[in-house]
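Work through the exercises below with the sequence and the model side by side, and try each task before reading its solution.

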Amino acid sequence: MPPSAQATPAARKRAKAAPTASVGPRYRVRMHKLHAHVFDVELELARPDPAGQELWLPVWVPGSYLVREFARHVLEMRAFCGRRELALRKTAKNRWRIEPCEGPLKVQLGVYAHDASVRAAWLDPSRGFFNASSLLPAAAGFEHVEQELSLEPPPGLRWSVATTLAPRKVDERGFGSYAARDYADLVDHPVACGDHLRIAFRACGTPHEMVVEHGTRLREQVDAKRLAADLRRICETQIALFEPEAPRAPFRRYAFLLAPSPTGWGGLEHADSSALICAEADLPHPRDGADAGAGYRRLLGLCSHEYFHAWNVKRIRPQALTPLDLERENLTGMLWLFEGFTSYYDDLVLRRAGLISPQQYLQLLAEAMRAVQATPGRHLQSLEEASFDAWIKFYRPDENTPNATVSYYTLGGLFALALDLHLRSRGKGCLDDVMRLLWRRYGRADAPLREQGVPEDALPALVREACGADLRAWFARHVQGREELPLQRLLAGFGVELGHGAPEPVDALGLRLDGVSSWPLVRYVRSGSWAEQAGLCAGDVLVAVNEQQAGAAALARQWRRAQAGQTWSAHVMRDGRLLQLRAPLPQPAPGPVQLQLAARPTAAALRLRRAWLDA
């Protein structure tokens, strides 16, 4: 974290010279306003800027590329020099300036915390969670010195603390003081407080743990032994991918911080931890059989994804995010590499770790292909453009998003798949070789270009260096350009058959509906579809199709008799008016993608497939 561009020259000079933790900020976090969802934060600074100390809060959290304006949750802020209260004023949307103080400075603030995602902060009587980026203001000019964080337990609750911050002096439940190297390090360590179920294991000798919130309630419902064994296999497979000769993790310990909820989902990566949310039903139960179900496989895939980020984006970083600027957008056209390639490896690692079968892996691939197939925006936006526009498009979806943009996660993962198969089929190495070269060059602690970050145009040259293949034209077509990936041809060479299932009527008509009631709400109209041609739009209430009451069953009956060119009508309610819309049915488009292992692959295809899926 560079000192702020608005910090005074004296503050910058002091930041460079500051040698000890006593110079740096000391934060204290209290959690006694649980029902109000308010963290009380205290910041002490022994030697504030004599010209007037500035404080600032980040506007985004690393790993989630959207300006979230965390300062909007600051309820109040007061500053004191000894017993004298100081004047302070806002100088920007996320900045405050305090009048000069010759002695120690103390700042008190209350922060509202009711965001149940992994990106911000949450506090209620069941648990507390925060990223420092949404709670702890940085002291301008002191970003590069050691920071201290003290946590106080909520009164009357037997909570414990889960974080990978370095403990300085803590009790048996983890409350007490922690240290971070600098403010960027502080921001990279989320903190979870609550009733925890801790599941410990070692991967390649390194201590790991999964910390599950609501531990007392869930303790008898979670197969902790299974989780530990499966996570260990995931972690060891990834460690060995990057360090095959002497597998070792790039951190001293790692924690998966998991908050189960009725329907939630999400994850956010950090250097030696990840914050995760899953549905409670996805957790493995002690009475589950050999296959714990699709929900559990999805949870393992989420853990695999965020763990892979410990290498790919937290240590192998794009040049545009090196160093991070947490006060404004950090634009890069490479999220297809850092999120897309991670999305490719997350499920592939499950297969290589023996946690899913080859056919189950193909089903996951088919889901990704179906998602891209249903996104006309892929014809308008390239992977590079989707990455660059993440700040204004991907994290701000609306009813037209599928028509206007494409996911650099999903399409980026399919590009990684195509690149891997292309290299393997020509005997030119594989994507694993490229990732290991990236790690040696840009990620490892002794990497020569670690502090520089990966340049925007580096990948074609790295692929050529690692695999001896000149694929500049390939990148131009599929990363800078919008050409469809030749996945069917590539997969065929690995003994995988690509087909299409029967289309669902609603999808074939180009609609996405909210609910399955008789009068569903139109959420999305696909460009080029019958629905668009007829004039339906998001927000319409679909009353009838062909003068029959709208509903899944009625649509399915009509669809079985439908023919291309036949005129279909729809009655919709829009702005309180009943409208009748009509258009001819187009030629049927291919149904959803399906993948399966070829019954009789050639010997060459079988060898390639085993090397790919069982590496």
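The exercises that follow treat a strand pair and some backbone angles.

This is a predicted model, in which local features need pLDDT of at least 70, side-chain atom pairs count only at pLDDT 80 or more, and totals for chains, interfaces and linings use all residues. Residues are numbered from 1 along each chain as its sequence is written, and side-chain values use heavy atoms, with hydrogens and water left out.

**Exercise 1.** Describe how strands β27 and β28 are joined.

Solution. Begin with the elements: strands (E, at least two residues) and helices (H or I, at least four) are DSSP runs numbered from the N terminus, and two strands pair if DSSP finds at least two bridges between them. Next, β27 (residues 567-574) and β28 (residues 577-584) run antiparallel and are joined by eight bridges; within this pairing, Val 572 has Leu 579 of β28 as its bridge partner. Finally, the two strands form a hairpin with two residues between them, and Asp 575 in the turn has a positive phi of about 55°.

**Exercise 2.** Is His 37 buried or exposed, and where is it found?

Solution. First, His 37 is found in the loop between β1 (26-33) and β2 (38-45), and its phi is near 60°, a positive value in a residue other than glycine. Then apply the cut-offs: buried means under 20% relative accessible area, exposed over 50%, and partly exposed in between (1.4 Å probe, protein chains only). His 37 has a relative accessible area of 18% and is therefore buried.

**Exercise 3.** Locate the cis peptide bond from Thr 322 to Pro 323.

Solution. The omega of this bond is near -5°, and Pro 323 lies in the loop between α5 (294-308) and α6 (335-352). For context, most peptide bonds are trans.
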